Amino acid sequence: MFSRTISSDVSVRLSLPQYADELYALTDANRAFLSRWLPWLDGIRCADDTREFIQRQLHRFADGEALHVTVFCCGRVAGVAGFNRIDAVNGIGYLGYWLAEEFNGRGIMTAVVADLVTVARESLGLQKVDIRCTTGNQRSRAIPERLGFSHEGTIRRAERVNGGWLDHEVYGLLLNDTEQAADGDAATGAG
Ligand SMILES: CC(C)(COP(=O)(O)OP(=O)(O)OC[C@H]1O[C@@H](n2cnc3c(N)ncnc32)[C@H](O)[C@@H]1OP(=O)(O)O)[C@@H](O)C(=O)NCCC(=O)NCCS
């Protein structure tokens with residue numbers, strides 16, 4: 001089973017159906033906190049909804065389309081993270097995350113995302129990680145900014161949340177020197 005030790009207190013494990021009850025309870029307790037930025041809360045009304053979501057992600061993991069992990073802190077479920085979409089053709093992983101309010105402010109998610117970047121590079125063989133954050137979501141934006149991602153632009157009206165449109169800030173991190181090599185090829189007329 002896929003799992004990673006992040007620190008003495010924090011680990012991530014491939015999300016499994018047996019985590020659904022605890023993950024749903026955490027989601028439900030953080031509904032108000034999360035729904036400011038995340039659009040899917042209304043679709044999660046019971047533990048079986050969370051279980052079905054996890055099962056879908058497991059199928060997608062088996063097909064190489066996603067990698068969804070549950071974040072544990074001191075043995076308790078603290079949130080989730082992962083590649084919501086893996087574009088295998090272009091070698092790009094689209095990363096998302098949330099952490100229950102009580103676990104905010106300790107550097108947990110920054111460390112988890114840093115580790116998932118390592119997984120993307122070393123295990124998934126990706127060439128780029130993409131993170132999209134709502135423009136006003138400073139806590140979320142701080143994570144790619146702390147980890148050296150480049151701000152690549154703004155997608156206007158990317159998502160409808162709570163009846164209003166939100167813009168997305170796109171952050172990207174290149175995992176190898178492909179871009180440099182491609183530029184070099186273009187400059188020399190090679191390829
Ligand atoms: C986005 C979210 C995961 C950020 O959580 P977070 O706790 O701010 O992020 P981290 O776990 O990386 O912790 C960073 C905080 O811990 C502090 N910190 C303490 N030790 C740290 C360390 N070793 N390394 C980095 N930060 C550390 C940082 O200063 C920062 O606190 P500050 O914002 O008060 O300065 C969380 O707010 C969340 O889930 N929000 C709702 C859902 C959401 O927006 N998801 C993202 C959608 S794109």
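Tutor: Let us begin with strand S3 (residues 67-73), which is mostly covered, since seven of its seven residues are buried; buried means under 20% relative accessible area and exposed over 50%, with partly exposed in between, using a 1.4 Å probe and protein chains only. Helices (H or I, at least four residues) and strands (E, at least two) are DSSP runs, numbered from the N terminus. This is a predicted model, in which local features need pLDDT of at least 70 and side-chain atom pairs count only at pLDDT 80 or more, while totals for chains, interfaces and linings use all residues. Residues are numbered from 1 along each chain as its sequence is written, and side-chain values use heavy atoms, with hydrogens and water left out.

Student: Which residues of S3 are on each side?

Tutor: In a regular strand the side chains alternate between the two faces of the sheet. Leu67, Val69, Val71 and Cys73 lie on one side of S3, with His68, Thr70 and Phe72 on the other, and all are buried.

Student: And which strand pairs with S3 over five bridges?

Tutor: That is strand S2 (residues 10-14), which pairs with S3 in the antiparallel sense, with valine 12 opposite valine 71; two strands pair if DSSP finds at least two bridges between them. Strand S4 (residues 76-87) also runs antiparallel to S3, joined by seven bridges, and there histidine 68 stands opposite glycine 82. In the hairpin of S3 and S4, two residues lie between the strands, and cysteine 74 takes a positive phi near 50°.

Student: Switching to H3, which of its residues are buried?

Tutor: In helix H3 (residues 47-62), the buried residues are Ala47, Thr50, Ile54 and Gln57. Seen down the axis of H3, they fall within an arc of 85°, so they line one face of the helix, the arc being that of the directions from the helix axis to the C-beta atoms. His59 and Ala62 are exposed on the face turned away from that buried side.

Student: What covers the buried residues of H3?

Tutor: The cover includes helix H1 (20-29) and S3, where contact means heavy atoms within 4.5 Å.

Conventions. Expected span 1.5 Å × (residues − 1).
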